[in-house]
Amino acid sequence: MPIKVVIVDDHEVVADGLRFVVGGQVDMEVIDCLHEPREAVRRIIETRPDIVLMDHAMPGLNGTEATAIVRERCTETKVIMLSMYSNRIHVMRALQAGASGYVLKKSAAKEVVEAIRVVHYGGRYLSKQLAESVIDHIISRDTSEDPMDLLSSRERQVLQMLAEGHPVSKIAVTLSLSPKTVETYRARMMKKLGIHDFATLVKFAIQHDIISLE
């Protein structure tokens, strides 16, 4: 049986390139190629592939939050994060969300294929450029706090949509919440982060790569 793979990337050119590379392997089958993250999560839950190649930076719902949802609902599906970010914090967030692999987008195509095989057969995979940094962190037991750890998954989702400029009414509909609840999440996260105005909240989201400027 081929390894069933779903590709999630909001850039169609990137997604098509991945489809070509992965679909060209004799032991792999691309069963879906999706561009909108929330729809992608729904489709993954329905189709339950073996592997998801998940873009890190997507509007509306970033790859880390999407991974957490997928892993909660489809424990048998494994996720490999594809990211342009090599910062240790991003790697740790992805792994904490349930990703089994983290591959830099600048890596060669053969590394993506290798990652799929390693993860499918029960291993974990980090791009070779990242492995040393992550190991050093574990050995040194760096206790510096990531402020994102202060926020719940739902608060992070609200933060992303607010920073992207969506009105409270749209956020409420998208997340199946009341506008009042969205306002409560906003007030709560600002209090946790010690932020007192919206402009600073957006700046925080950019600095911590909750939203991308690309």
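**Close-up views of a predicted model**

**View 1. Helices α7 and α10 pack against each other.** Helix α7 (residues 153–163) and helix α10 (residues 198–207) pack at an angle of about 110°, with their axes 9 Å apart; axes are lines fitted to C-alpha atoms, for helices over the stretch in contact, and angles run from 0 to 180 degrees between N-to-C directions. The two helices, α7 and α10, are therefore roughly perpendicular to each other (angles under 35 degrees count as roughly parallel, over 145 as roughly antiparallel, 65 to 115 as roughly perpendicular and the rest as oblique). Leu159, Leu162 and Ala163 of α7 make the contact with Phe198, Leu201, Val202, Phe204 and Ala205 of α10, contact meaning heavy atoms within 4.5 Å. The residues of this contact of α7 with α10 divide into 8 nonpolar, no polar and no charged (Ala, Val, Leu, Ile, Met, Phe, Trp, Tyr, Cys and Pro count as nonpolar, Asp, Glu, Lys and Arg as charged, and the others, Gly among them, as polar). This is a predicted model, in which local features need pLDDT of at least 70 and side-chain atom pairs count only at pLDDT 80 or more, whereas totals for chains, interfaces and linings use all residues. Residues are numbered from 1 along each chain as its sequence is written, and side-chain values use heavy atoms, with hydrogens and water left out.

**View 2. Helix α9 also meets α10.** The axes of helix α9 (residues 179–193) and α10 come within 11 Å and cross at roughly 75°, which makes α9 roughly perpendicular to α10. On α9 the contact is made by Met189, Met190 and Leu193, and on α10 by Phe198, Leu201 and Phe204; the residues divide into 6 nonpolar, no polar and no charged.

**View 3. Helices α2 and α3 cross in a right-handed sense.** The axes of α2 (residues 37–47) and α3 (residues 63–73) come within 10 Å and cross at roughly 20°, and the two helices are therefore roughly parallel to each other. The crossing is right-handed (left-handed if the near helix is turned anticlockwise from the far one by less than a right angle, and right-handed if clockwise). Val41, Ile44 and Ile45 in α2 meet Ala66, Ile69, Val70 and Arg73 in α3, a set that divides into 6 nonpolar, no polar and 1 charged.

**View 4. An open sheet is formed by 6 strands.** The strand order is β2-β1-β3-β4-β5-β6 and the pairing is parallel; helices (H or I, at least four residues) and strands (E, at least two) are DSSP runs, numbered from the N terminus, and two strands pair if DSSP finds at least two bridges between them. β2 (28–34) and β6 (125–126) stand at the edges, each with a single partner strand, so one side of each is left without a neighbour in the sheet. Strand β4 (residues 78–83) is joined to the parallel strand β5 (residues 101–104) by 4 bridges, and Leu82 has Val103 in β5 as its bridge partner. Helix α4 (residues 88–97) lies across β4, β5 and β6, running at about 145° to β5.

**View 5. Asp27 and Arg117 form a salt bridge.** The closest N and O atoms of this pair are 2.8 Å apart, a salt bridge being a side-chain nitrogen of Lys or Arg within 4 Å of a carboxyl oxygen of Asp or Glu. Asp27 lies in the loop between α1 (12–23) and β2 and Arg117 in helix α5 (residues 109–120), so the pair ties together parts that are 90 residues apart in sequence.
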